[in-house]
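Hi,

Here is the structure we talked about. Please open it alongside this note.

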Amino acid sequence: MFENAAIIGVGQSAYTRRPEPGQTALHFMRDAVVAALKDAGLNAADIQGMAVASFSLAPDAAVDLAWKLGLSLRWLAQDTNGGSSGMSMLGNAVRTVETGTADVVLILGGDATGLAGYAKVAANYNTATQKHLSPLGHGGPNGVYALVASRQIKKYGLEKSDYGHIAIAQRQWAAKNPYAVYRAPLTMDEYLAAPLVADPLARYDCVPVVAGAQAVIVARPDRAPKGRPGVRVRAHRASYNYDNQEGDGLQTGISTFASELWQEAGARPDDIDVASIYDDYPTMLLAQANDLGLIPGNDLARFCRVTIGEKRFPVNTWGGMLSAGQPGGHAGGLNGISEAVLQLQHRAGERQVKGARLALATGYGMTMYRYGGTAAAAILERVE
Amino acid sequence: MSAGITIWRCANCRAGFFPEPLLCPRCHGKKFETNRVHEAVVEEISVIRHMIGQENWQPRRIASVLTSGGPRMTVGLRDESGPGATIELFEEGTAPFGRAKAK
């Protein structure tokens with residue numbers, strides 16, 4: 001439990017499928033910072049620490065971004081853990097504030113690679129990808145997770161429509177999120193008729209690349225805007241390279257710490273009111289949910305058809321990346337954290353989960369070779 | 001093109017790996033021998049029908065395979081081999097490929 005650190009503000013830029021000419025990731029990140037500062041009731045001069053993650057900074061580094069934002073800092077970190085960067089940065093930020101290293105920390109993620117830029121990122125993600133996967137025409141992460149999805153379907157007896165329940169439910173949530181890129185209703189017929197991208201994954205199983213940015217501000221609880229409930233991190237855990245890529249990818253690094261996470265939080269899966277589970281693919285949402293103990297009896301099919309399909313448990317109430325879009329995994333993960341904060345503060349508007357007091361958020365990323373190698377999760381709570 | 005694919009085998013515990021590690025993930029030994037593996041069994045396949053940022057893309061087949069030398073790897077398939085099929089492996093540059101084993 002982190003008693004002396006709280007999330008006190010969140011903000012995001014607009015999301016767009018295709019940025020305007022000259023509109024870079026830095027512009028989106030600036031907009032997210034301005035929005036988060038306004039939300040927290042702070043000025044840029046109040047920021048003492050910053051953590052940032054983006055595919056779009058190079059050749060700049062974090063300190064160059066601090067310069068461009070006019071931030072003079074006593075703590076600075078650049079995170080390279082892809083889809084778990086948001087959650088990794090949250091863990092580092094709360095520990096930094098908790099120990100008094102900095103009183104106010106900005107967490108920032110954003111990208112505007114465009115489709116061609118994203119293709120370059122995907123083809124050169126790491127040495128293993130560059131040397132051993134890209135020359136195959138493996139399709140980037142779509143190809144990698146297509147193979148994982150085939151294993152999951154076989155192991156758990158899933159049907160194609162099971163993934164559809166996740167995509168459809170999230171689209172229903174996205175309709176209530178003005179920032180989501182895809183908000184039109186999605187039917188099961190449309191889902192099943194969508195063109196295949198990488199068998200068995202079809203269009204609505206694959207996260208759409210967008211441009212955008214997210215920012216979160218962590219500070220001592222007494223810096224929170226007056227009259228607004230704070231959000232504390234009850235427990236946080238992370239895992240990096242949990243199995244040396246020797247497994248099947250159907251378990252994630254979350255499996256290494258889930259019991260510790262629940263124990264430290266003093267909570268059980270049944271206690272969670274709302275969850276943000278990293279959703280680059282429905283396949284990986286299910287893998288994380290199963291690792292966390294959210295799926296009784298490892299019955300993934302029932303979880304899709306009943307728990308999600310019948311709206312018994314709110315997951316990715318902002319629409320998830322599958323509908324809102326993925327501005328790089330870094331910002332995508334931060335969006336899930338931001339939504340959990342809004343839900344716990346009862347500021348989620350039309351998509352508010354009534355009486356939400358305890359939330360779960362996860363991150364998953366870094367497709368090293370056969371699947372992702374980083375994961376992190378936190379239990380967040382509303383504090384009056 | 002060269003027949004087989006290079007894997008790295010720990011000189012201490014004999015576990016095989018692909019790609020090349022620096023320390024053995026199992027025993028943390030630092031000495032490796034290279035082996036050529038020539039066969040694998042296809043476990044899962046996918047057809048890459050769309051490549052982001054590419055026009056006129058022609059579908060390609062990839063597969064997750066269990067090699068006779070131990071490690072699993074992802075290969076490009078040059079024919080219609082499916083799950084359960086035994087394939088022969090070959091390298092083009094640094095990339096692993098496979099096709100049905102000649103009878």
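This is a predicted model: local features need pLDDT of at least 70, side-chain atom pairs count only at pLDDT 80 or more; totals for chains, interfaces and linings use all residues.

Residues are numbered from 1 along each chain as its sequence is written, while chains are lettered from A and ligands numbered from 1 in the order in which they are written.

Scores: ipTM is 0.96 and pTM is 0.97. Chain B has a mean pLDDT of 95 (the predictor's confidence in each residue, from 0 to 100). In chain B, 100% of residues reach 70 or more.

Now the chain contact. Chain B puts 22 residues against 27 of chain A (contact: C-beta atoms, placed from the backbone, within 7 Å). On the chain B side, β5 (39–48), β6 (60–67), β7 (72–77) and β9 (95–100) each give two or more residues (strands are DSSP runs of E, at least two residues; helices are runs of H or I, at least four; both are numbered from the N terminus). β5(B) gives the largest share, four residues. By class, this side of chain B has nine nonpolar, eight polar and five charged residues (nonpolar: Ala, Val, Leu, Ile, Met, Phe, Trp, Tyr, Cys, Pro; charged: Asp, Glu, Lys, Arg; polar: the others, Gly among them).

Last, a helix pair in chain A. The axes of α7(A) (160–174) and α11(A) (300–308) come within 8 Å and cross at roughly 35° (axes are lines fitted to C-alpha atoms over the stretch in contact; angles run from 0 to 180 degrees between N-to-C directions). Asp162(A), His165(A), Ile166(A) and Ala169(A) of α7(A) meet Ala301(A), Cys304(A), Arg305(A) and Ile308(A) of α11(A). These residues divide into five nonpolar, one polar and two charged.

Best wishes

Definitions and conventions: Two residues are in contact if their C-beta atoms, placed from the backbone, lie within 7 Å.
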